[in-house]
Amino acid sequence: MRTAAVATIAVAGALAALTAVPAQAAEYSSALKVRGVQYDAPGRDSNRCSTGNTDEEYLTVKNYSSSSTVNLRGYVVKDAAGNRFTFTANHYLQPGDYVKLRGGNGTDSDKYNVVYRDNCNFLWNNDKDTIYLYKPSGARADVHAYTRSGSDPDGNGYITFHK
């Protein structure tokens, strides 16, 4: 009798532990993931296209596949408010390669691993936000919520999500 009670308690505890996993911890089946975000550009925020610093705010998307090349065309990045950027051009990420999606205007470059949003408004909030990465099919590839106080202990405006 005692063994059955201990087994029942152990199973109940295991089930409680499984259901306690937070929603943000979900792993999506995608080679592309958000490696990190510079959500707060260094210096005083200015979204002036000619002299601002929106190009210092960026999102790093990395191909974590060990064998597949991924084309970014059709992938979508969004924030919690619904602001979005769609990769409209072909940009191929080899296994282990990454791209920095920067604000502001500039010349996209495979050589320098950069794509510009061609928009001088900041995308990420400095206090808290949620980053969504969607596949061209519309399926979610990755998602991360952050807060300045809870996610950025050194206060440098950069958060790493995946190594």
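Visitor: What order do the elements of the chain run in, from the N terminus on?

Guide: They run α-β-β-β-β-β-β-β-β-β-β-α-β. That gives two helices and eleven strands in the chain. This is a predicted model, where local features need pLDDT of at least 70, side-chain atom pairs count only at pLDDT 80 or more, and totals for chains, interfaces and linings use all residues. Residues are numbered from 1 along each chain as its sequence is written, and side-chain values use heavy atoms, with hydrogens and water left out.

Visitor: What makes a run of residues a helix or a strand?

Guide: Both are DSSP runs, numbered from the N terminus: a helix is H or I with at least four residues, a strand is E with at least two. Helix α2 covers residues 148-151. Strand β9 covers residues 128-134.

Visitor: Why is β9 called largely enclosed by the rest of the structure?

Guide: Count its buried residues. Buried means under 20% relative accessible area, exposed means over 50%, and partly exposed lies in between (1.4 Å probe, protein chains only). Six of the seven residues of β9 are buried, so the strand is largely enclosed. For the chain, buried residues make up 37% of the 163 residues.

Visitor: How do you know that β9 pairs with β4 and with β10?

Guide: Two strands pair if DSSP finds at least two bridges between them. Strand β4 (residues 76-78) and β9 have three bridges, in the antiparallel sense.

Visitor: What makes β5 and β10 edge strands?

Guide: Start with the sheet. It is open, has four strands in the order β5-β4-β9-β10, and pairs them antiparallel. β5 (84-86) and β10 each pair on one side only, and they are the edge strands. β5 is joined to β4 by three bridges. In β5, Arg84 is the bridge partner of Lys78.

Visitor: What makes a set of residues a nonpolar core?

Guide: The members are buried Ala, Val, Leu, Ile, Met, Phe, Trp, Tyr and Cys residues, joined through side-chain atoms within 4.5 Å. The largest one here has 23 residues, and Leu32, Leu59, Phe87, Trp124 and Leu133 touch the most other members. β1, β2, β7 (98-102), β9 and β10 each supply at least two residues of this core. β1 gives the most, with three residues. In soluble globular proteins, nonpolar side chains tend to be buried together.

Visitor: Which residues does Phe87 touch, not counting residues up to four places away in sequence?

Guide: A contact means heavy atoms within 4.5 Å. Phe87 touches Leu72, Arg73, Gly74, Tyr75, Val77, Leu101 and Val115.

Visitor: Why is Arg48 called exposed?

Guide: Its relative accessibility is 58%, so Arg48 counts as exposed. Arg48 is found in the loop between β1 (32-38) and β2 (58-63).

Visitor: What makes Asp40 and Arg148 a salt bridge?

Guide: A salt bridge needs a side-chain nitrogen of Lys or Arg within 4 Å of a carboxyl oxygen of Asp or Glu. For Asp40 and Arg148, the closest N and O atoms are 2.6 Å apart. The pair links distant parts of the chain: Asp40 in the loop between β1 and β2, Arg148 in helix α2, 108 residues apart.

Visitor: Are these two residues buried or partly exposed?

Guide: Asp40 has a relative accessible area of 16%, so Asp40 is buried. Arg148 has 32%, so Arg148 is partly exposed.

Visitor: How many salt bridges does a search of the whole structure find?

Guide: It finds two. Glu57 also forms a salt bridge, with Arg117, and their closest N and O atoms are 4.0 Å apart. Glu57 is in the loop between β1 and β2, Arg117 in the loop between β8 (114-116) and β9, 60 residues apart.

Visitor: Why do Glu57 and Arg117 count as buried?

Guide: Glu57 has 1% relative accessibility, so Glu57 counts as buried. Arg117 has 12%, so Arg117 counts as buried too.
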